[in-house]
Amino acid sequence: MFKTNIEAAVEIARQLRLRNIGGIIVIDFIDMEEESHQKQVIAALEKAMEGDKTKASVLGFTQLGLVEMTRKKVQQGLQDSMMKVCPICEGRGRTLSEETLALRAMRAIKKEALTNEHEAMLLLLHPSVAAMLIGSGGANLAALEKETGKSIYVKGSLDQAPEDIAIAALGTKEEVERMALPVAVGDDLSLLIEEAHMTNSRDGIARVEGYVIDVEGAGGLVGRRVRAQISRVFKTYAKAKLVLTTGKTAAARAGAGAGAGEVVGADVEPDETGGTPVVVAEASRGSSAPHRGRDASSRWQDPRAPRQLRCGHSHRRGRGGGR
């Protein structure tokens, strides 16, 4: 231990110069029982500091066994000159939990509901906060709607920071619903399975514009792209069933005159290089239900949307559309 402390004293002096650390410095060496060893460590530290052009003073061991010293501050340290305070936690090293952020979002939504006369609103939240606000089976969202008297639609968006809330649309229930639900029953989609369902591992979860699609039987296909048909649509998610085709069948249909850009079906297989799964074939039937999210946004959108809601705390970050 004594030898280790001697080596550490020399390295500490080097690091103080290298990082240009100044101010009151406390060093916690390995505990030494013999006083002579403590004196030798102090001597080694003082000798190592002799080559430092910046004024420094070693004060010695305290009653708690720590070494106190000072070094004059002449300019910014390496850390201060190369780094900045985290704009999310503001240097605290901790951020608010999803539960706390969801509660803040609820308060902001209630306040907004009191200031406008629109029947419905569409909100953009970070996916983790959106899931917490909606609650199990949509219970939290239903309670919020009952309290505010508004129809509230929530979409998860990775473009949103966890503490941000954006109003994407205000209007009648029909208008907002068209924007909030990007899929319709009968839609035939190519979906990337992002994760297994939290409570039913047999199913897989995909997303379309932040809207959750529960794909039955796709729990073992995480990371792969599949063809699925929307079977049921709800306010906060939709159910879909896998549409099975064979690579040969799809390829044959693709070569049989399917129109450009039209999708009939797609098989997926892992990339031979071990990378991202690739679509083997895509062709078209061409008559699936329209993509209502894009249709609705071209027909109607609140001119004020999207806009950010304040959650009662300051934001030190400026963002231009992405993180």
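F61 counts as partly exposed, because its relative accessibility is 24% (buried is under 20% relative accessible area, exposed over 50% and partly exposed in between, with a 1.4 Å probe and protein chains only). The structure is a predicted model, in which local features need pLDDT of at least 70 and side-chain atom pairs count only at pLDDT 80 or more, while totals for chains, interfaces and linings use all residues. Residues are numbered from 1 along each chain as its sequence is written, and side-chain values use heavy atoms, without hydrogens and water.

**Aromatic pairs**

- Two aromatic pairs are counted (ring centres of Phe, Tyr or the six-membered ring of Trp within 6.5 Å; planes under 30 degrees apart are stacked, over 60 edge-to-face and the rest tilted).
- F29 and F61 form a tilted pair, because their ring centres are 6.5 Å apart and their planes stand at 50 degrees.
- This pair ties together parts 32 residues apart in sequence, because F29 lies in the loop between β1 and α2 and F61 in strand β2 (residues 56-61).
- F29 counts as buried, at 5% relative accessibility.
- F234 and Y237 form a stacked aromatic pair, with 4.9 Å from centre to centre and 25 degrees between the planes.
- F234 is partly exposed at a relative accessible area of 28%, and Y237 is partly exposed at 30%.

**Surface charge**

- D28, D31, E33 and E34 gather in a surface patch of negative charge (like charges joined within 9 Å, from residues with over 30% relative accessible area and no salt bridge).
- E34 is located in the loop between β1 (23-27) and α2 (35-49).
- E34 counts as partly exposed, at 45% relative accessibility.

Terms used:
Patches are made of residues with over 30% relative accessible area and no salt bridge: like charges are joined within 9 Å, nonpolar side chains (Val, Leu, Ile, Met, Phe, Trp, Tyr) within 5 Å. Accessible areas come from the Shrake-Rupley method with a 1.4 Å probe; for residues, only the protein chains shown count as cover. A salt bridge is a side-chain nitrogen of Lys or Arg within 4 Å of a carboxyl oxygen of Asp or Glu. Lys and Arg count as positive and Asp and Glu as negative; His and the chain ends are not counted. The place of a charge is taken as NZ of Lys, CZ of Arg, CG of Asp or CD of Glu. Helices (H or I, at least four residues) and strands (E, at least two) are DSSP runs, numbered from the N terminus.
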